[in-house]
Amino acid sequence: MKVKVSNANTPNWKDVTVKSTVPAELEKLAEISRNIWWSWNYEATELFKDLDPELWKESGHNPVLLLERMSYEKLEALSKDKVILKRMNEVYAKFKDYVDVKPDATRPSVAYFSMEYGLTSVLKIYSGGLGVLAGDYLKEASDSNVDLCAVGFLYRYGYFTQSLSIDGQQIANYEAQNFGQLPIDRVMGADGQQLMVKVPYMDYFVYAYVWKVNVGRISLYLLDTDNEMNSEFDRPITHQLYGGDWENRLKQEILLGIGGILTLQALGIKKDVYHCNEGHAALINVQRICDYVATGMTFDQAVELVRASSLYTVHTPVPAGHDYFDEGLFGKYMSGYPQKMNITWDDLMGLGRTNPEDKSERFCMSTFACNTSQEVNGVSWLHGKVSQEMFASIWKGYFPEESHVGYVTNGVHFPTWSATEWKQLYDKHFSENFMFDQSNPQIWKAIYDVADEEIWKTRQAMKNKLVDYIRKQFRESWLKNQGDPSRIVALMDKINPNALLIGFGRRFATYKRAHLLFTDLDRLSAIVNNPNYPVQFLFTGKAHPHDGAGQGLIKRIIEISRRPEFLGKIIFLENYDMQLARRLVSGVDIWLNTPTRPLEASGTSGEKALMNGVLNFSVLDGWWLEGYRENAGWALTEKRTYQNQEHQDQLDAATIYSLLETEILPLYYARNKKGFSEGWIKFVKNSIAQIAPHYTMKRQLDDYYSKFYTKLSQRFKLLSINDNAKAKEIAAWKEDVVAKWDSIEVVSSEKIEALVNGSIESGKEYTITYVIDEKGLNDAIGMELVTTYTNAEGKQHVYSVEPFSVIKKEGNLYTFQVKHSISNAGSFKVAYRMFPKNADLPHRQDFCYVRWFY
């Protein structure tokens with residue numbers, strides 16, 4: 001018999017996950033690891049690091065993964081280590097004292113919806129500023145002990161990891177997250193299985209698992225469609241943040257809005273206020289209206305209650321930045337909802353259009369959010385003004401400056417973004433109550449009593465930490481994608497912690513103008529190669545995978561950085577994430593920001609730098625327009641000299657070069673006998689004392705309560721008591737006004753001839769009288785005289801609004817009168833505005849019926 005050389009069948013491999021069993025003595029570590037609280041409490045992160053420094057680094061600073069990968073022998077040894085056990089017990093006691101506090105029941109409860117959350121680099125469910133802001137908000141909500149929960153997505157791939165090709169081209173890598181190794185928990189249902197929410201799509205359901213992130217005292221619920229219950233077309237809904245086509249984007253926004261509300265219902269959660277962070281979550285109000293209508297209410301009654309408890313925050317300064325959907329696509333998934341809302345399809349489409357009757361207009365999520373939310377806000381003072389103009393066409397009949405759209409300037413979560421060394425300095429010198437009263441400017445003034453040398457040493461320590469991080473973190477990737485090893489060694493040697501370090505980190509969108517510094521390469525070369533004033537620039541940021549211009553800009557900066565005169569002077573650090581951001585904003589000397597005004601809605605990276613004694617050098621846009629103080633940083637003027645953007649860029653670049661050459665570098669290098677610049681430290685102290693207290697997340701959260709949450713909650717309670725009696729009353733009143741609006745007529749008017757002819761004298765008082773037939777509306781009409789002027793840019797603005805008084809009533813006839821005068825001479829326009837009035841309305845735009853006449 002002939003013996004075969006080989007005989008083997010194909011193995012049927014089975015995946016087996018081997019996890020370390022944490023000894024009972026260390027179970028407290030496991031509990032802490034599953035609450036993001038550790039990410040902003042340095043005693044906890046230092047404890048995890050010290051368990052196994054090398055494994056902590058390999059695990060990406062993820063304590064769940066750290067404990068999972070730790071060997072049995074190592075865990076057993078730690079369970080007998082008295083020093084580690086003592087530290088663990090101290091951290092755990094602090095943790096339990098924190099999380100066991102009940103929420104403050106005196107403040108309104110809030111449900112918060114966002115497409116992304118930047119909590120820690122371990123959990124890749126964020127892309128940039130919007131997500132980091134949302135993450136900071138949840139952390140501060142926890143610290144401030146408010147009753148808030150949040151809803152978002154658990155992305156399988158999240159946003160991309162950035163690497164660079166050898167020629168400097170951005171490469172987007174989507175790496176799958178292993179949910180079992182993340183600081184998240186499955187939400188279990190009554191049946192003992194993971195909770196699953198059924199979300200209606202067309203004539204079928206999408207099934208989403210529910211997970212929970214413990215953010216201190218706050219619960220963040222995440223939806224996940226990557227399961228076998230869904231088709232191959234629906235599993236990817238939660239694969240990528242901002243990935244896929246417009247159809248997938250719509251499917252995501254249905255899941256976030258409608259699915260988000262269904263999730264809270266499944267959990268038995270009701271809140272006083274529903275906060276939509278950007279327009280992605282606008283459809284929460286579709287589901288909420290459906291729920292009220294299902295109880296027997298009319299659409300008009302339901303929308304009163306929904307509006308009264310809804311806040312929409314916009315982060316986008318231009319109309320093109322909002323999400324628009326073609327009617328055909330929108331109808332493919334949403335055509336069943338008008339019946340549930342007790343309205344027509346055209347009615348629903350109209351709620352998403354600035355011109356409801358224009359069938360060619362696409363459905364805009366932001367417009368829908370404005371129409372179904374009582375309150376709307378931008379994210380800085382300037383952005384509030386920009387948003388008033390951007391949304392003006394929704395509320396026709398009113399000028400942008402009359403809009404109810406408000407603002408809350410963004411802030412940052414101090415414990416997350418202040419480096420450990422700075423927190424220790426603040427703890428040492430500031431009031432004991434500091435962490436609970438971070439927005440109190442008086443407390444921050446104590447920085448003036450700190451020795452200059454101590455601040456300089458702290459700054460130098462942070463710079464050295466950053467340089468060490470760059471050398472360790474980027475050596476391998478640079479060797480891989482930049483070719484010549486000798487050049488990489490030379491580059492590493494040239495990174496100088498004693499040089500003035502200037503950081504630029506943000507999304508590479510063209511309006512951010514990362515190219516500005518490179519406008520005049522000869523002048524830039526002279527600056528960075530001045531041996532008396534060494535200066536180095538650190539750039540980082542991602543461009544959206546579909547943004548060719550942004551990617552081209554990154555490639556251009558890489559090419560410039562490799563030129564001999566810029567080697568080691570201009571450095572690009574790839575894969576900008578929260579971990580790198582934290583190093584940069586604490587390690588550089590200056591944070592540079594050069595957006596095209598007014599396209600920076602707020603910006604928060606400079607605020608993070610601010611908390612670490614880093615000075616800002618920025619265009620007066622977003623938060624810096626409010627934050628800038630003389631002798632506490634530097635500013636590029638907000639005024640435009642040229643309409644041609646290229647010429648304006650050249651001027652702004654020249655201003656940057658000039659300020660570096662004549663002010664910034666001489667100030668930094670004006671060293672005293674002790675080796676530091678007293679003038680520089682004065683700037684740092686001014687920056688911390690005069691600016692920092694106004695840009696904490698604590699201040700931002702308190703602003704949301706004082707400006708929006710409290711009044712929304714109070715009005716909702718007023719409308720909903722006694723079986724929603726007031727909501728029904730207002731809805732009936734509005735319906736009556738609508739029915740009679742077109743029949744209201746002007747019976748007579750008495751106007752001064754000079755006013756009719758358009759020629760009046762300044763300072764002289766004129767009396768105008770109108771008799772209006774209100775057609776049985778019973779004093780439901782208001783009138784006012786509106787005077788406008790045209791500014792130098794040709795825009796019409798309100799000069800004055802003078803209300804008429806009712807001086808007589810006979811049946812349905814109301815006599816209105818106003819005494820009018822203009823104190824300034826000049827050219828003005830005058831017209832009369834009629835509007836519905838009711839003391840129970842929150843503002844005019846809530847019921848935007850206007851009739852103009854003269």
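## Working through a predicted model

Helix 26 bends by about 45 degrees at leucine 660. Keep in mind that this is a predicted model.

**Exercise 1.** Work out what span helix 26 (residues 645–668) should have, and check it against its end C-alpha atoms.

*Solution.* Start with the count: helix 26 has 24 residues.

**Exercise 2.** Find which strands stand at the edges of the open sheet of 6 strands.

*Solution.* Write down the order first: 17-16-15-18-19-20, with parallel pairing. Strand 17 (570–573) and strand 20 (634–636) each have a single partner strand, so one side of each has no neighbour in the sheet. From one strand to the next, the twist averages 20 degrees. For a look inside the order, take strands 15 and 18: they run parallel and are joined by 2 bridges, with isoleucine 502 partnering isoleucine 590 of strand 18. Helix 23 (residues 578–587) lies across strands 15, 16, 17 and 18, at about 155 degrees to strand 16.

**Exercise 3.** Decide whether glutamate 327 is buried, partly exposed or exposed.

*Solution.* Find glutamate 327 in helix 11 (residues 327–334). Buried means under 20% and exposed means over 50%. Glutamate 327 has 26% relative accessibility, so it counts as partly exposed. Leaving out residues up to four places away in sequence, glutamate 327 touches Trp345, Met349, Arg353 and Lys359.

Definitions and conventions: Residues are numbered from 1 along each chain as its sequence is written. This is a predicted model: local features need pLDDT of at least 70, side-chain atom pairs count only at pLDDT 80 or more; totals for chains, interfaces and linings use all residues. Side-chain values use heavy atoms; hydrogens and water are left out. Helices (H or I, at least four residues) and strands (E, at least two) are DSSP runs, numbered from the N terminus. The expected span of a helix is 1.5 Å times one less than its number of residues. The bend at a residue is the angle between axes fitted to the seven residues ending there and the seven starting there. Two strands pair if DSSP finds at least two bridges between them. Axes are lines fitted to C-alpha atoms, for helices over the stretch in contact, and angles run from 0 to 180 degrees between N-to-C directions. Contact means heavy atoms within 4.5 Å. Buried means under 20% relative accessible area, exposed over 50%, partly exposed in between (1.4 Å probe, protein chains only).
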